[in-house]
Amino acid sequence: MNDTVSFGYEDVSPEEKTRRVGGVFASVASKYDVMNDAMSGGLHRVWKDLFVRRVKPRAGEAILDMAGGTGDIAFRLAASGAAVTVADINPAMLEVGIERAAKRGIASGREPDTGTLVWSEANAETLQWPDRFFDAYTIAFGIRNVTDIPKALREAHRVLKRGGRFFCLEFSTTLWPGFGEVYDAYSHHVVPRVGRAIAGDADSYRYLIESIRRFPDMERFKAMIGEAGFVQTRVEPMLGGLVAIHSGWKI
């Protein structure tokens, strides 16, 4: 791993990035889903619905939803009858998800069981589960915040069973002419202001936008998934690549 990693447009030590990302999500946790609606005009719901359809969760499967603290993906996965473990490095995000699950009447437990959710504090780079434990691994809008992305991808591969599938939903770089410039202007100038108004925190949303700009493009990230050991890797762009679903299989 390099001596420095990106934190938005800054280059910082790995330890500093981990600490500062933790601060970002502790700050925005309570308003995270409201801000998602405000920033995307509700489109994040459409993207997440499509993402889960691509995963094709099935009753009885064990699925790890990494960086899924607020439960948005996990609730959709669990509706299939899958046993979903929701993992997040940030306890504040997990607290929001647990509260949301209780309000929805969704069962939670200490061990994976059909149709239940298990909430677990975990670092994507050093997962506590044994080899070949899960049928599927999902991560939505979380991989770019990981300090050592290649290490997290290798961990995803390790905990999947043979035949297990990896799915990642993440912002990328749109290839539509003109649209990228419009989105850049919106994200850099409008989103921090919305963050200040709704979440009382412009700086955290400034970082989240900058982290998108520093994230590898679609083809490079696809290659990184392959380098972690996955096969049949593919990418499905949306809005020309503004958002993309990456996937791969473990054999």
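**The sheet and its surroundings**

Modeller: This is a predicted model, and a word on confidence comes first. Of the elements in the chain, S6 has the highest mean pLDDT, 98, whereas helix H2 (residues 32–40) has the lowest, 75. For the chain as a whole the mean pLDDT is 88, with 96% of the residues at 70 or more.

The sheet itself is open and is formed by seven strands, in the order S5-S4-S3-S6-S7-S9-S8, with mixed pairing. Its edges are strand S5 (117–121) and strand S8 (231–238); each has a single partner strand, so one side of each lacks a neighbour in the sheet. On average, and with direction ignored, neighbouring strands of this sheet are turned by 15 degrees against each other. In general, the strands of a sheet pair through backbone hydrogen bonds, and the pairing may be parallel or antiparallel.

The partner here is strand S9 (residues 243–249); S8 and S9 run antiparallel and are joined by six bridges. Glu 236, for instance, has Ile 245 in S9 as its bridge partner. Helix H10 (residues 218–227) lies across S7, S8 and S9, and runs at about 155 degrees to S8.

Arg 104 belongs to helix H5. The C-alpha atom of Arg 104 is separated by 14 Å from that of Ile 73, a residue 31 places away along the chain.

Thr 147 is found in the loop between strand S6 (134–140) and helix H6 (149–159). With a relative accessible area of 13%, Thr 147 is buried, because that class covers values under 20%. Its side chain makes a polar contact, at 2.7 Å, with the side chain of Thr 18.

Ser 172 occupies the loop between strand S7 (160–171) and helix H7 (179–189). Ser 172 also counts as buried, at 7% relative accessibility. When neighbours within four places in sequence are left aside, the residues in contact with Ser 172 are Ile 212, Pro 216, Asp 217, Met 218, Gly 241, Leu 242, Val 243 and Ala 244.

Methods: Residues numbered from 1 in each chain as written. Predicted model: local features only at pLDDT ≥ 70, side-chain atom pairs only at ≥ 80, totals over all residues. Heavy atoms only, no water. Helix = DSSP H or I, 4+ residues; strand = E, 2+ residues; numbered from the N terminus. Buried < 20%, exposed > 50% of the residue type's maximum accessible area, 1.4 Å probe, protein only. Polar contact = N/O pair within 3.5 Å; in protein donor to acceptor, adjacent residues only side chain to side chain. Contact = heavy atoms within 4.5 Å. pLDDT = per-residue confidence, 0-100. Pairing = 2+ DSSP bridges. Axes fitted to C-alpha atoms, helices over the stretch in contact; angles between N-to-C directions.
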